[in-house]
Amino acid sequence: MARTHRGLALVALLPVAFLVVFFAWPVAAIVGLGFGDGGVTEVLTRASTWQLAGFTVAQAAASTVLSVLAGLPIAFVLARVKLPGIALVRTIVLVPFVLPTVVVGLAFRALWPDGGVLSIVLANAFFNVAVVARTVGGLWSHLDRRAEEAARALGASSWQAFRSVTLPRLTPAIFSASAVVFLFCSTSFGVVLILGGGRFRTLETEIYLRTVNLLDLSGAAALSLVQLLAVVAALVLGAIARRRRETALRLRSAAEAARRPEGREWWVVGAAVVVLGLLLTPIAALLSKASIAGFEGLATTGGALQVSGWDAALRSLRTATDATVLAMCVGVLASVVLVSLRRAPGRLARGAGETMDAALMLPLGVSAVTVGFGYLVTLDDLPGDLRTSPLLVPFAQALVIIPMIVRMVLPVLRSVDERLRQAAATLGAGPVRVWREIDFPLAARSLVAAAGFGYVIALGEFGATSFLARPGEPTLPVAIAALISRPGELNNQMAYAACVLLMVVTAAVVTVIDRLKPSTGEF
Amino acid sequence: MTRTVRAVAALSAAGVLLAGCTLSGSEEPADDVTTIKLVTHDSFAAPQEILDAFQQQSGIRIEVLKEGDAGALTNKLVLTKASPIADVAFGVDSTFATRALSEGVFEPYTSPEADRGPQRYAIDPEHRLSAVDVGDVCVNIDTGWFAEKGLPEPKTFDDLADPQYKDLLVVANPATSSPGLAFLLGTVAKYGPQGWSEYWGKLKTNGVKAVSSWEIAYNQEFSGSSGKGPRPLVVSYASSPAAELGEDGKPRTKALLDTCFRQVEYAGLLTGGKQADKAGRVVDFLLSQQFQSTVAENMYVYPSREGVELPASWTQAAPQPPKPASLPGEEIQANRERWIEQWRGLIEG
């Protein structure tokens, strides 16, 4: 037993060290600076601070509910339906994720001028339907169908079978996805800024303005604390709701789970089609703005961009690869540690597991500007002065991707039937062998899906990249932002053409990754 | 099982290879070349050829780092003053310069090029900052719209509050947009610290619309650009009309030159740099004829140097305002947050 624990501690070292150096330390340092300036308690006692917190949580909660409602039918279609065009659905759902906020913001404003809070909620949901569809769909496609069929055979309606058999088994994945979506929405900056017009403000936009425009570090520190508090509270609530819901499931290979829908299932398919239509509306609005002239402009070098659109696309692909590889290493190791801690006997181990689980999610709940400014005051203490190194881009991106990977891999790893593992152990397999022979093959599909999702997040990532991208070496999102902020019709058309290029690149990447899915035929 | 392992192994191998080529992608400079780090804002753009030519002729390779907009850049410089992230900074503008100067971010350096024009915009008796370019934020109008409606074009701040121009102006929120802030400062310069809020009260009565960013105001609300929005008056730059020439080569928009507020962008040596002499050469380069002749086309601003030829479309469509407003940096620094809060109360409240 002691040997296993030591091994576990070693495996945990990498994710923990990564989080401490690239997240906890910078954030603590910059918040500490704010405290040094004084005035934090004054901001904390202001009523307006708590109004901001209230609005932040409320809009994030509303967006989360909407994302789950819209995401579930799509998850069902992705997991259970065998119809032509499903691969296309898989791709379309992911496209919103890579689109730069500023362009989506413009599209939403064009479709719905002055929509206020409602358009903030809709736009947040637009970005996050994919999280629900992919996270829940990932687990759903592995669920053994026979339990449901048994319920049906005993006379349950398809809705009753879903509610009493399928839904409980999906709950951990739904909560996982909700937690991620909630965190994404509570820190979404561009959406609130553009669609809120300055009138609607959240903790995130206020932290940004205080840090970037006013250099009011104590105000920003106070608001960061409130944000952290809100996020931790949400994570704890999520964890409590999730607890005990996780049961060992009989996981099946996905091919077996998908078939032609029948009866009332067509209603769900219909709902998914409606959601897809809604997702496609802003996308189509963007497509319609790209012109031949824009594409021609992108193909040449010079002008506002200095590089061609293709160069920017290639750079996006390469940066995203680095970030994904890094995030997979850290994220998968972290998931393995979390699962082992949960299985380990004793409350101490379980407590450590829950703490680590929550800590891994925090990067999604802390302002990017806090982390970014934190880097400036800490990372020069490391050898090589990473503050201005191109290496920092994949590091910062990985921070966003890791929680995503953990949330996608963990529910699957946790539902691996413990009896299978015990049987293997009884037959003499060591922990590594058990993982290789039992957990890995069952989780392989989710691992690839998580990597694909992480890759897509990195492709669309703008905050960290813009903060470090060199001129002459922009990624596509950075190029789009540069083009859209210049006057002139051609620049505008080039920006939209670059958006289309970004969508095409994303679609191509997603298609390739979906093809690469390893078979789990033995199970 | 073996298929699984093989697929994943192949995938990770491909990933590692790709990652490797990115991470080792930056080429090693030759031995006789010194690298000087230039930290700047997101809008920095310069043709690679002139950077290469400078390297050829001086042996100095300029490594450019972008750190957000002018405000973010300034604040990052203040935060890192004990351990600067670069040797030279460019892009701190007149609305933020006081903060950087009072925090001791820059050290004195007088460029031999400064008396060719940049001196006109000097802000600091110790010569810690050299003016590189000048941008003017002015109201832009869609001339075709006014011609079509048979309405005379507005000219001044007062005109904008005139009821015949009701519901025509769109501005950007000064809390979230730097041209928005510049326009607010322009009204403060015009009507004084007491009178400006009254003026904005009139603008509000006259139906001014405030949006969060220049991108929305210009690309979506303004009728004179590609968005073909509903409003023919927008806060933008004096240089914007140069980008809006029609098929016939004639400008379709123009800037109201009596509504302009000037923003000057400065470069300087960061305090504590180890290569001060080479860093000074980079500042000289930014003020040189060679670099200055590219700023209009690449950054949509006017060169600070005298006698630099502007692109043809600029001389035709984007003349520089003769008497733009400005405010002392200390006054901006002392009041920025209060003015923005007051503005929010007036316009959003």
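Helix α5 of chain A (residues 101-111) is largely enclosed by the rest of the structure, because eight of its eleven residues are buried. In this analysis a residue is buried when its relative accessible area is under 20%, exposed when that area is over 50%, and partly exposed in between, with a 1.4 Å probe and protein chains only. Helices (H or I, at least four residues) and strands (E, at least two) are DSSP runs, numbered from the N terminus. The buried residues of α5(A) are A:V102, A:V103, A:V104, A:G105, A:L106, A:A107, A:F108 and A:R109. The model is predicted, and local features need pLDDT of at least 70, side-chain atom pairs count only at pLDDT 80 or more, and totals for chains, interfaces and linings use all residues. Residues are numbered from 1 along each chain as its sequence is written, chains are lettered from A and ligands numbered from 1 in the order in which they are written, and side-chain values use heavy atoms, with hydrogens and water left out.

Other residues of chain A were also examined. A:P168 lies in helix α8 (residues 158-186) of chain A, and its relative accessibility of 34% places A:P168 in the partly exposed class. Between A:P168 and A:A53 there are 115 residues in sequence and 32 Å in space, taken from C-alpha to C-alpha. Two cysteines of chain A can be set side by side: A:C329 is partly exposed, at a relative accessible area of 40%, whereas A:C499 is buried, at 0%.

In chain B, the secondary structure consists of twelve helices and eleven strands. The C-alpha trace of chain B spans about 70 × 65 × 45 Å along its principal axes. Chain B has 349 residues, of which 58% count as buried. A contact is defined by heavy atoms within 4.5 Å. Among contacts in chain B with a separation of 6 or more, 74% are made by residues 24 or more positions apart.

A disulfide is a covalent bond between the sulfur atoms of two cysteines. Here it is assigned to a pair of cysteine sulfur atoms within 2.5 Å, and one disulfide is counted over all chains. This bond joins B:C138 to B:C260, with an S to S distance of 2.1 Å. The pair links distant parts of the chain, 122 residues apart: B:C138 is in strand β5 (residues 130-142) of chain B, and B:C260 is in the loop between β9 (253-255) and β10 (261-270). The link is right-handed, with 110° about the S-S bond. B:C138 counts as buried because its relative accessibility is 0%, and B:C260 is buried as well, at 2%.

Between the two chains, 56 residues of chain A are in contact with 61 residues of chain B. The size of an interface is often given as the accessible area lost when the parts come together. Buried area is the accessible area (1.4 Å probe) that two parts lose on being put together, summed over both. For chain A and chain B this area is about 5200 Å², and carbon and sulfur atoms give 57% of it. Three salt bridges are counted between the chains, a salt bridge being a side-chain nitrogen of Lys or Arg within 4 Å of a carboxyl oxygen of Asp or Glu. The side chains of A:R210 and B:E337 form a salt bridge, at 3.6 Å from N to O. Helix α10 (residues 203-214) of chain A supplies the largest share of the side of chain A that touches chain B, namely seven residues.
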